[in-house]
Amino acid sequence: MFLLNTHPDHNASLLPVDAEVLGADGALEVRRFLEFRENAAATPLVALPALADALGVGVIHVKDEGQRLGLGSFKALGGSYAVVRLVLEQASRHFECDVGFSDLNRPSLRAVAAKMTFACATDGNHGRSVAQGAQLVGARSVIFVHGGVSGERVAAIARFGAEMVRFDGTYDETVAEAARVAEREGWSIVSDTSWPGYERIPGLVMQGYTAIADEALDQLDRPPTHIFVQAGVGGIAAALAGHFAEMLGEHRPNFVVVEPARAACILASARTGRVTRIDHGEPTVMAMLECYEPSLVAWRVLSRVTDAFMAVEEEDAVAAMNRLARPAGDDRAIVSGESGCVGLAGLMRALAEPEWKAALRLDASSRILLINTEGATDPGLYEQLVGSSPASVAGRAREVTSA
Ligand SMILES: Cc1ncc(COP(=O)(O)O)c(C=O)c1O
């Protein structure tokens, strides 16, 4: 499934509200936040020249988010950042003066945070980030998960002191339940998806993700010509596409959104021209991308600055995981989870379909940027799909790096 963007807003500027969130000022605020975090070094940008040769493109770089802030996925940037910003805003109101990131450890600020509760629904990674942010400032977190979230993922969230609620429904139903309970209890809901009347907090979550694009622009010699980014509700895709568009204007890269064929709600929205909810189907191995309705803000951005939408099959994702685990030539191995490698799955599929390849103008001069959005966040499943443990693949990566 492949669709070029034919939306009437395609190539229009971002709305001012979105440009403010995703542009240079937004990214600068995230940089300031990261200065006060541990393990906040920029994530590695890995060149894969042998893979680029094998696929017939110029250069492939993978921004490897597998170790972001010690959490295992890019989501570490969004939820925790939004929680901290909300605590600072509450404290600024309380003390009637500006309170900043450097005040995070002040007992008076922690006393304000201790009275706050943050809730969200999650497939796994976003909830871990919200829980970590709450723990960082001494606030309470309540995280809702649906039945499909593995025990390992639930335990990984609970480790940050979160109270866990299992809800018997889909991801989208769990989002609605978390919002309902939070409203009743007076908690702040920190969702990674947005809906009419609820845009600001998901905007902060997306602002957190701009750090990936901001760092990549620093790390690359030349900007990419193409970016393939995987999508669930579209938050990371919109954050990157929006930031690149704001920073590079008409020289922005060709931007392609990749989804699982079993949960391609953004592709469906591209077809209808508006936010479209799709039917719940069979579960996908790309579990973190199993969303059935795009985020309103993400769609608003993507309809303007995405060039194509595509969907990949289950086996495409597993093939991409394996390709990154067992690289060609001297390329470094990358531990990439089932949802982490989907940008590469999209690139490989686009290159295998002559019409898609031509439509995207992919050739031997293309400079591709991909994001490994997660490491092995479910190590048991990773080993089952790749045939090696995450530790042994990571060991191979170290051998290449140190060679
Ligand atoms: C590893 C991983 N990759 C990609 C995504 C997609 O992000 P979004 O829902 O913002 O599109 C998610 C979402 O949870 C994720 O956990």
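1. In what follows, a residue is called buried when its relative accessible area is under 20%, exposed when over 50%, and partly exposed in between, with a 1.4 Å probe and protein chains only. The model is predicted, so local features need pLDDT of at least 70 and side-chain atom pairs count only at pLDDT 80 or more, while totals for chains, interfaces and linings use all residues. Residues are numbered from 1 along each chain as its sequence is written, and side-chain values use heavy atoms, with hydrogens and water left out.

2. A search of the whole structure gives 6 aromatic pairs, where rings of Phe, Tyr and Trp (its six-membered ring) pair if their centres lie within 6.5 Å, and planes under 30 degrees apart count as stacked, over 60 as edge-to-face and the rest as tilted. One of these pairs joins Phe74 and Tyr209, whose ring centres are 4.8 Å apart with planes at 65°, so the arrangement is edge-to-face. This pair connects distant parts of the chain, 135 residues apart, with Phe74 in the loop between β3 (59-64) and α4 (79-95) and Tyr209 in helix α9 (residues 200-219). Phe74 and Tyr209 are both buried. The pair of Trp299 and Phe309 is tilted, at 6.1 Å centre to centre and 35° between the planes; Trp299 belongs to helix α12 (residues 296-305) and Phe309 to strand β10 (residues 308-312). Phe33, Tyr81 and Phe101 make up one aromatic cluster.

3. Helices (H or I, at least four residues) and strands (E, at least two) are DSSP runs numbered from the N terminus, and two strands pair if DSSP finds at least two bridges between them. Strand β5 (residues 140-146) runs parallel to β4 and is joined to it by 6 bridges, and Phe118 has Ser141 in β5 as its bridge partner.

4. The whole structure holds 3 cavities of 30 Å³ or more, a cavity being a set of points, on a 1 Å grid over the protein atoms alone, where a 1.4 Å probe fits but cannot get out, and lining residues having an atom within 4 Å of a point. Grid points are joined across faces, edges and corners, and a volume is the space filled by probe spheres set on the points. The largest cavity has about 270 Å³, and of its 24 lining residues the closest to the centre are Phe74, Lys75, Asp192, Met288 and Leu289.

5. Domain 1 (2-73 + 203-402) and domain 2 (79-191) both contribute to the lining of the largest cavity, so this cavity lies between them; the bounds come from an automatic or database domain assignment. At least two lining residues come from each of β4 (117-122), α6 (125-137) and α10 (235-248). By class the lining has 10 nonpolar, 10 polar and 4 charged residues, with Ala, Val, Leu, Ile, Met, Phe, Trp, Tyr, Cys and Pro counted as nonpolar, Asp, Glu, Lys and Arg as charged, and the others, Gly among them, as polar.

6. The second largest cavity, of about 40 Å³, is lined by 7 nonpolar, 3 polar and no charged residues. Its lining draws at least two residues each from α14 (342-352) and β11 (367-372). In α14, 9 of the 11 residues are buried, so this helix is largely enclosed by the rest of the structure.

Technical notes:
On a 1 Å grid over the protein atoms alone, a cavity is a set of points where a 1.4 Å probe fits but cannot get out, and a pocket is an open set with protein on both sides within 12 Å along at least five of seven lines; lining residues have an atom within 4 Å of a point.
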